[in-house]
Amino acid sequence: MKRWKIAGINFDHFHMGDLLRMAQEHSQVELVGISDEKPARMEEATRKLGISRERVFSDYRMCLERTRPDAVILCPAASRHGEWVKKVAPYGVHIMVEKPFAASLNEADAMVKAMPRNKTLMINWPLQWVASHCKAHELVEAGVIGDVLNVWHFGGNRGPLWHGADKDEKTPGQVAKEKPSSWFYKKAHGGGSLLDYLGYGTTLGTWYQGGRRPLEVAAIVDEPKGLEVDEHSIVVARYAHGLSRFETRWGTFTDPWVIQPQPRCGFVIAGTDGTISSYDYDRYVTMQTRKKPKPFQVPAPALKAPRQNPVQFLLYCLEKGKPLDGPVSIQISRIGQEIVDAAVRSAKLKRSVKL
């Protein structure tokens, strides 16, 4: 079996720690290097994962040239995804970019164009690896609720600065100290809850709706005092077959992976013959059908290989020569990005806009 060499480059997003652990725990992976322009940002992952110092680089070019990885995990700020794909793609590697796809549709298309023809670009949406959401899609695909008419999504957490590698919780003092300098709170760097979380709802929502695109989008965002980005957005998308709503929130009462807040984070899907609610990290989904209108639970068993996590799935597809599918595929992610783009324009213009 092939041994895959993987490197992690750019630690802007705290999800890098989670992804590196997935790579390290994969039986066919050698974690050959990590790189960030600010060495201090790599310290937590270096210590927790036991990465040797000779594999830690502050220059991404040196990292790529010395370690020669097969695939690279990228976690830059949202506004720099295109920049970093263009930097790394010429080294002839497969690339996994942590969500969102990009800060704009033009940037997303430039990322696809920058990739060598025989290399794969994958956009990782962590919610694709949640058992309840996968079960919901399985039921939708089986036609259990008929044709999907509406999708509602509520997504968020207490805020992006509350979590370190492995979701380790930070103190209020640490959060307050980091906030003024964090890219998450800078408009020019793609900050704000809308760009951070809307893609979850629009991308998985596109998956649930069979790849259909909306006709127009209306978005409204809050304007927090002292901040240049939003912490709350509500987006309505009008499709030929109905309306869907996607809401993002930094500042939920609790983090959904610890204690589900109210409203609960997750999806509700309505079809012509039934409904499904699928909440983050539940071990079941709740359904209604015409034959059983009283809501009932359907177990959502733990995911099995090769669909347990993004590293596992990417390497499986590369080994088998299979195309990516679902939210991590370019086809579905691009439609999700189209909706995000429209929402950004709508919020700025304060009116609905067409895609």
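Let's start with His-189. This residue sits in the loop between H7 and H8. Keep in mind that the model is predicted. Now look at what His-189 touches. Set aside the neighbours within four places in sequence. Then His-189 is in contact with Ala-77, Ala-78, Ser-79 and Trp-183. His-189 and His-232 are 43 residues apart in sequence. In space, their C-alpha atoms are 18 Å apart.

Next, helix pairs. H8 covers residues 193-208, and H6 covers residues 131-141. How do these two helices run? Their axes come within 9 Å and cross at roughly 30 degrees. An angle under 35 degrees counts as roughly parallel, so that is the label for H6 and H8. Which residues make the contact? From H6, we have His-133, Cys-134, Ala-136, His-137 and Val-140. From H8, we have Leu-204, Trp-207 and Tyr-208.

Here is a second pair. Helix H5 is residues 105-114, and helix H10 is residues 330-349. Their axes also come within 9 Å, but the crossing angle is roughly 160 degrees. Angles over 145 count as roughly antiparallel, so H5 and H10 get that label. On the H5 side, the contact involves Leu-105, Ala-108, Asp-109 and Val-112. On the H10 side, look for Ile-330, Arg-334, Gln-337, Glu-338 and Asp-341.

Now, salt bridges. Side chains of opposite charge can pair when their charged atoms come close. How many salt bridges does a search of the whole structure find? The count is 23. I'll show you a few.

Take Arg-41 and Asp-36. Their closest N and O atoms are 3.0 Å apart. Arg-41 is partly exposed, at 29% relative accessible area. Asp-36 is buried, at 3%.

Then Arg-61 and Asp-59. Their side chains meet in a salt bridge at 3.2 Å, N to O. Arg-61 is partly exposed, with 41% relative accessibility. Asp-59 is partly exposed as well, with 25%.

The next bridge joins Arg-158 and Asp-255, at 2.9 Å, N to O. Where do the two partners lie? Arg-158 is in the loop between strand E7 and helix H7. Asp-255 is in the loop between strand E10 and strand E11. So the pair ties together parts that are 97 residues apart in sequence. Asp-255 counts as buried, because its relative accessibility is 5%, and buried means under 20%.

Some bridges share partners. Asp-109, Arg-213, Arg-334 and Glu-338 are joined this way into one network. You have met some of these names already. Asp-109 is in H5, while Arg-334 and Glu-338 are in H10.

Last stop, the surface. Which residues form a nonpolar patch there? They are Ile-220, Ile-234, Val-236 and Leu-243. Together they have about 330 Å² of accessible area. Pick out Val-236. This residue lies in strand E9, which covers residues 232-239. Val-236 is partly exposed, because its relative accessible area is 33%, and that label falls between the 20% limit for buried and the 50% limit for exposed.

Conventions:
Residues numbered from 1 in each chain as written. Predicted model: local features only at pLDDT ≥ 70, side-chain atom pairs only at ≥ 80, totals over all residues. Heavy atoms only, no water. Patch = residues over 30% accessible without salt bridge, like charges linked within 9 Å, V, L, I, M, F, W, Y side chains within 5 Å. Areas by Shrake-Rupley, 256 points an atom, 1.4 Å probe, with all protein chains shown as cover. Salt bridge = Lys/Arg side-chain N within 4 Å of Asp/Glu carboxyl O. Helix = DSSP H or I, 4+ residues; strand = E, 2+ residues; numbered from the N terminus. Buried < 20%, exposed > 50% of the residue type's maximum accessible area, 1.4 Å probe, protein only. Axes fitted to C-alpha atoms, helices over the stretch in contact; angles between N-to-C directions. Parallel < 35°, antiparallel > 145°, perpendicular 65-115°, else oblique. Contact = heavy atoms within 4.5 Å.
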